[in-house]
Amino acid sequence: MDNIENIWNELSSDFNKKPLPDGADGKIHTDRSDLLLARLGLKLKLGLYWTIFFIVVLIVAAIVHISQPMVLTLIGLMFLMMAGNLIYSGRLYLKIKRENEFSLNTRTVLLNYYDSVVRVLKMERLWAQFAIPLGLIAGVLYGQLLKAGSFGQIEFELRTLLVTGILMVTLVPLVILWTHWAQKYAYKNDLTELWTVIGELYENEDNM
Amino acid sequence: MSHSENKAEFMSRISDCAGLIHKIAAIYTDRKEDGEDLLQEILYQSWKSYPSYRNDSKFSTWLYKVSLNTALVYRRKKGRMTTESFNDEVIEKTDSSYFENDEKMTLMTAIKELSKTDRLIITLYLEGYNYKEIAEITGLSNENSATRIHRIKTKLIVKLKNIA
């Protein structure tokens, strides 16, 4: 082992002769990481911007339909859904930024990192499961309300109901399945490898 | 201290420890581009974590922690085709003795054949950290840290014999 340590020291002095390459601080200047969690965090951040955009659209829509209480009720429901998403996603985003501190011990770093990735992916799936069907129903109702003026006066045509029903039965499960498949395709290997590393490092540890 | 002064101080400290980052990048990647990418990633994560650095510990120990943690969660970018090795280049450019190069290459190859987590522990051990310090850095218990080091050392010696 002494020999190994000597060779290691020689190897280290070789590496110590090498300066940082030009542009090595590129990511610091662009504030951009390529790690999986950073990429997911960026998607989450973009989702937050979209949610804020939809909230602004809903506020504008509410102002336009200020004299129609039923339309306002529907907009209010959608607003609550968007606000809920904004609060939940926003808190998650801040939490993963706060918790993923790489100077902590390896155990904490790996577990926080894995947990954060899983939570962001779960958030994506939840969004697909609830937002798409609710958005579809809200869209149809909104269209009908604009035609009729109030909920009481809505007369659903058989064709509209059929199209909505078919979309709900076919499109929604497809989107949910696609989200699951896309996540599995994109992240399964990363998550498996990460979990293997955690498992390897903490085998024989009692308090995992 | 202003943001730019802080950044200048950070880059100066990092430059003094450039060898450490090169070494981790070489241990955890096989291709030159991946090595450079990991090196940049380590620099970025170190910069992000720099506010948490307290002067009560050695900067190199803190940097080891950030570098190794980054290397453990790093995944190489898909679709890269080059086969030029990152550590080949470092060793070839810095040493002219073939025999010594061969020994260093053999050690590097043997370390790279270990699992990611074994590489983490043996790197810290070879850098001179004791069981307790390794346990603190990794979050392992002291006993497990000692057992693991012993096991990895044996594994490394077997690998070296097989390669040689």
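## Helix pair in chain A

Helix α4 (residues 69-99) and helix α5 (residues 106-148) of chain A pack at an angle of about 170°, and their axes lie 11 Å apart. The model is a predicted one. An angle over 145 degrees counts as roughly antiparallel. α4(A) and α5(A) are therefore roughly antiparallel to each other.

The α4(A) side of this contact consists of A:Met70, A:Val71, A:Leu74, A:Met78, A:Met81, A:Asn85, A:Ser89, A:Leu92, A:Ile96 and A:Glu99. Facing them in α5(A) are A:Asn112, A:Ser116, A:Arg119, A:Val120, A:Met123, A:Trp127, A:Leu134, A:Ala138, A:Leu141, A:Tyr142 and A:Leu145. By class, the contact of α4(A) with α5(A) has 15 nonpolar, 4 polar and 2 charged residues.

A:Met78 lies in helix α4 of chain A. Is A:Met78 buried or exposed? The cut-off for a buried residue is 20 or more other C-beta atoms within 10 Å. A:Met78 has 22, so A:Met78 is buried. Leaving out residues up to four places away in sequence, A:Met78 touches A:Leu58 and A:Ala138. A:Leu58 is 20 residues from A:Met78 in sequence, and the two C-alpha atoms are 7.8 Å apart.

A:Trp8 is found in helix α1 (residues 2-16) of chain A. A:Trp8 is buried, with 21 other C-beta atoms within 10 Å. Its contacts reach into chain B: setting aside neighbours within four places in sequence, A:Trp8 is in contact with B:Leu107 and B:Leu126. A:Tyr185 sits in helix α6 (residues 158-201) of chain A. A:Tyr185 is exposed, with 9 other C-beta atoms within 10 Å. From A:Tyr185 to A:Glu5 the separation is 180 residues in sequence and 43 Å in space, C-alpha to C-alpha.

## Where the chains meet

How many residues does each chain bring to the contact? Chain B supplies 52 residues and chain A supplies 43 residues. On the side of chain B that touches chain A, helix α3 (residues 32-49) of chain B gives the most, with 10 residues. That side of chain B divides into 23 nonpolar, 16 polar and 13 charged residues.

## Chain B overall

Chain B has 9 helices and 0 strands. Along the sequence the pattern is α-α-α-α-α-α-α-α-α. Of the 164 residues in chain B, 43% are buried. Take the contacts in chain B between residues at least 6 apart in sequence: 66% of them join residues at least 24 apart.

Helix α2 (residues 18-28) of chain B has 10 of its 11 residues buried, so it is largely enclosed by the rest of the structure. The buried residues of α2(B) are B:Gly19, B:Leu20, B:Ile21, B:His22, B:Lys23, B:Ile24, B:Ala25, B:Ala26, B:Ile27 and B:Tyr28.

## Domain boundary in chain B

The domain assignment of chain B gives domain 1 (1-89) and domain 2 (95-164). Across the boundary, 8 residues of domain 1 of chain B are in contact with 9 residues of domain 2 of chain B. Which elements give two or more residues to the domain 1 side? They are α2 and α4 (59-73) of chain B. α4(B) provides the largest share, 4 residues. By class, the domain 1 side has 6 nonpolar, 1 polar and 1 charged residues.

## Helix pair in chain B

α4(B) also packs with helix α7 (residues 116-126) of chain B, at an angle of about 165° and with axes 10 Å apart. That makes α4(B) roughly antiparallel to α7(B). The crossing of the two helices is right-handed.

From α4(B), the residues in this contact are B:Tyr64, B:Leu68 and B:Leu72. They meet B:Lys116, B:Leu120, B:Thr123 and B:Leu124 in α7(B). By class, the contact of α4(B) with α7(B) has 5 nonpolar, 1 polar and 1 charged residues.

Technical notes: Residues are numbered from 1 along each chain as its sequence is written. Chains are lettered from A and ligands numbered from 1 in the order in which they are written. This is a predicted model: local features need pLDDT of at least 70, side-chain atom pairs count only at pLDDT 80 or more; totals for chains, interfaces and linings use all residues. A residue is buried if 20 or more other C-beta atoms lie within 10 Å of its own, exposed if 12 or fewer, and partly exposed in between; C-beta atoms are placed from the backbone. Domain bounds come from an automatic or database domain assignment. Two residues are in contact if their C-beta atoms, placed from the backbone, lie within 7 Å. Ala, Val, Leu, Ile, Met, Phe, Trp, Tyr, Cys and Pro count as nonpolar, Asp, Glu, Lys and Arg as charged, and the others, Gly among them, as polar. Axes are lines fitted to C-alpha atoms, for helices over the stretch in contact, and angles run from 0 to 180 degrees between N-to-C directions. Angles under 35 degrees count as roughly parallel, over 145 as roughly antiparallel, 65 to 115 as roughly perpendicular and the rest as oblique. A crossing is left-handed if the near helix is turned anticlockwise from the far one by less than a right angle, and right-handed if clockwise.
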